[in-house]
Amino acid sequence: MKINNLLNRGITLIVIVLFIGVSCIPTGITSKVAPLDDIQKEPHGFFFGLKGHIKFDFNLDDFLEPIEPGGGGWFLYNVSYKVSGIFADIIARWFHGRVFMTIELSIKDVPEWASISVFPDTVHFDISSDWETPIESPAILIILNESAPAFNISYFKIVGTTNCTKGPFGILTWIHGSKVEKEFPIVPGYLPLINVTPETNNIHTPPGQITELNISIENLGNGLTLVKSEIIDSPSPNWWVYIQPETVLDVGEEKEASLFIMPPENYTGNDSINLTFTPCYYYDPNNPELQGMPITEVITVRSQP
């Protein structure tokens, strides 16, 4: 047991002495043996300590899947960590089982129509010269409000940071702090939402004469919308009833559709006309997955001379 303790102390002392010796070598000399991706990133001045690396990976298809506005979900991603530099293997073995590397995670550049959080916001790693995965399983929670623009690809960033890690006795910096940012895409889906308001649901029209009824249609959704207007029930084939079949609305736009009614010349009494208004995504109106629920309006018609 005493021999093992002395051996461990001896290795630690050797590493410290080597680090002190290396700290006196100018950066220009040590850059010849530093890993290629570290040459431009090492601290200024004299080289001392190891460089930490943070890497984010994710499945692009998962993040390009449209998210329903007004809803959201969890998305998985990977974060990895390693160290590089002179004595990386020796120092990593010394830290193994003694100290874990902690990475702080945060979100930035979030679109105003989104709420994005990362859980957990800290992850921990074994220190190694090979890429290590965290002890925890990180995930991102994305929630969109109803104003998120349909199928408009936007981006947010995840930021990972670490602090400097000291060696024995807390005197020397053995691993320098790191910071990396990674851009992630986000795609809102289409929200088919309209408001339909007839100027009245009760109309008087003389027999044999055409009467026009204006119906206001407003696009409350998040994309260019084609509204299909249909007559699903009218009093009889002798009635002439017509409504313009399609209305195109931009986000927030309101237009009027005209309903024309003409009862037969010999008709007197009350009857009703049933209409439906179905919002569809303008660029793919026949896709059932991009259509909203039909809105039904019933117009009562009173026909008297």
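Which residues are buried in helix 4?

## Helix 4

In this predicted model, local features need pLDDT of at least 70, side-chain atom pairs count only at pLDDT 80 or more, and totals for chains, interfaces and linings use all residues. Residues are numbered from 1 along each chain as its sequence is written, and side-chain values use heavy atoms, with hydrogens and water left out.

The buried residues of helix 4 are A88, I91, A92, W94 and F95. Because they cover an arc of only 160° around the axis, they lie on the same side of helix 4; the arc is that of the directions from the helix axis to the C-beta atoms. Buried means under 20% relative accessible area, exposed over 50%, and partly exposed in between (1.4 Å probe, protein chains only). Helices (H or I, at least four residues) and strands (E, at least two) are DSSP runs, numbered from the N terminus. After helix 4 comes G97, with a positive phi near 80°.

## Nonpolar cores

A nonpolar core is a set of buried Ala, Val, Leu, Ile, Met, Phe, Trp, Tyr and Cys residues joined through side-chain atoms within 4.5 Å. The largest one has 35 residues, and Y77, I140, I142, F156, I175 and I186 have the most contacts inside it. Helix 4 (residues 88-95) gives the most to this core, with five residues. A second, separate core of 20 residues includes I194, I217, L249 and F277.

## The loop at P245

P245 is in the loop between strand 16 (240-243) and strand 17 (246-249). P245 counts as partly exposed because its relative accessibility is 46%. Leaving aside neighbours within four places in sequence, P245 is in contact (heavy atoms within 4.5 Å) with V227, K228 and S229.
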